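This briefing covers one protein chain.

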Amino acid sequence: MSSSSFQLSLDLAKDHFKVGDLDRAEFHLRSSLELEESEEAYFYLGLVQNALGQWSDALASYYKAVSLNHEYGNPCNEIGVLLLRMGNDKEAVYWLKKSVRCERNDAPHISYFNLATLYKLWNRPERSLQYLHKALSLKKDFSEANDLWRELKSDEEAPSN
């Protein structure tokens, strides 16, 4: 019974999160975590906390998710993004690269795109293009990656002064 209650709470939380009802999502996530610790519940709790601007709490939830499953790439990607947002670029690279190496990653193309974005910020267009190529090989219709690809390619072709 507990396992089905846990899954019901987790599913309700994910549904509420998807429609932007963060309060209900957080309530159901915390309810599910009272029944059973789960990397997915901690990951979604981190997403809710991140959306609420609670970056330290979000990081703690993502780290907890990774501690429960070292091969779960989704929280690794989110850790990388948050660290980048907080100005910790070097540690962000570690987590984004870890994300793409994980066995379980629902959207590795996003992790590659985030790495490409980071290398663009570091003025390393060749490295950025390598990661964009990987992202686009996984998801050809990834519009943000296609846009960045075109931007970097046009910068390459522009005459330098």
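E39 and R104 form a salt bridge in which the closest N and O atoms are 3.3 Å apart. E39 belongs to helix α3 (residues 39-51) and R104 to the loop between α6 and α7 (108-121), so the pair ties together parts that are 65 residues apart in sequence. The model is predicted.

**Salt bridges**

- The structure holds nine salt bridges.
- D21 and R24 form a salt bridge, with 2.9 Å between the closest N and O atoms.
- Side chains of opposite charge can pair when their charged atoms come close.

**Overall fold**

- The protein chain has nine helices and zero strands.
- Read from the N terminus, the order of elements is α-α-α-α-α-α-α-α-α.
- The C-alpha trace of the protein chain spans about 65 × 30 × 30 Å along its principal axes.

**Domains and their contact**

- The protein chain is divided into domain 1, residues 1-106, and domain 2, residues 108-160.
- Twelve residues from domain 1 and eleven residues from domain 2 take part in the contact.
- The centres of domain 1 and domain 2, taken over C-alpha atoms, are separated by 26 Å.
- About 1000 Å² is buried between domain 1 and domain 2, and carbon and sulfur atoms give 67% of this area.
- L96, K97 and V100 supply 41% of the area that domain 1 buries against domain 2, which is more than any other three residues supply.

**Polar and charged pairs between the domains**

- Between domain 1 and domain 2 the count of salt bridges is zero.
- Four residue pairs, both residues at pLDDT 80 or more, are in polar contact between domain 1 and domain 2.

**The side of domain 1 that touches domain 2**

- Helices α5 (73-85) and α6 (89-101) each supply at least two residues of the side of domain 1 that touches domain 2.
- Helix α6 gives the most to this side of domain 1, with seven residues.
- By residue class, the side of domain 1 that touches domain 2 divides into five nonpolar, three polar and four charged residues.

Conventions
Residues are numbered from 1 along each chain as its sequence is written. This is a predicted model: local features need pLDDT of at least 70, side-chain atom pairs count only at pLDDT 80 or more; totals for chains, interfaces and linings use all residues. Side-chain values use heavy atoms; hydrogens and water are left out. Domain bounds come from an automatic or database domain assignment. Contact means heavy atoms within 4.5 Å. Buried area is the accessible area (1.4 Å probe) that two parts lose on being put together, summed over both. A salt bridge is a side-chain nitrogen of Lys or Arg within 4 Å of a carboxyl oxygen of Asp or Glu. A polar contact is a pair of N or O atoms within 3.5 Å; within protein, one must be able to donate a hydrogen and the other to accept it, and residues adjacent in sequence count only if both atoms are side-chain atoms. Helices (H or I, at least four residues) and strands (E, at least two) are DSSP runs, numbered from the N terminus. Ala, Val, Leu, Ile, Met, Phe, Trp, Tyr, Cys and Pro count as nonpolar, Asp, Glu, Lys and Arg as charged, and the others, Gly among them, as polar.
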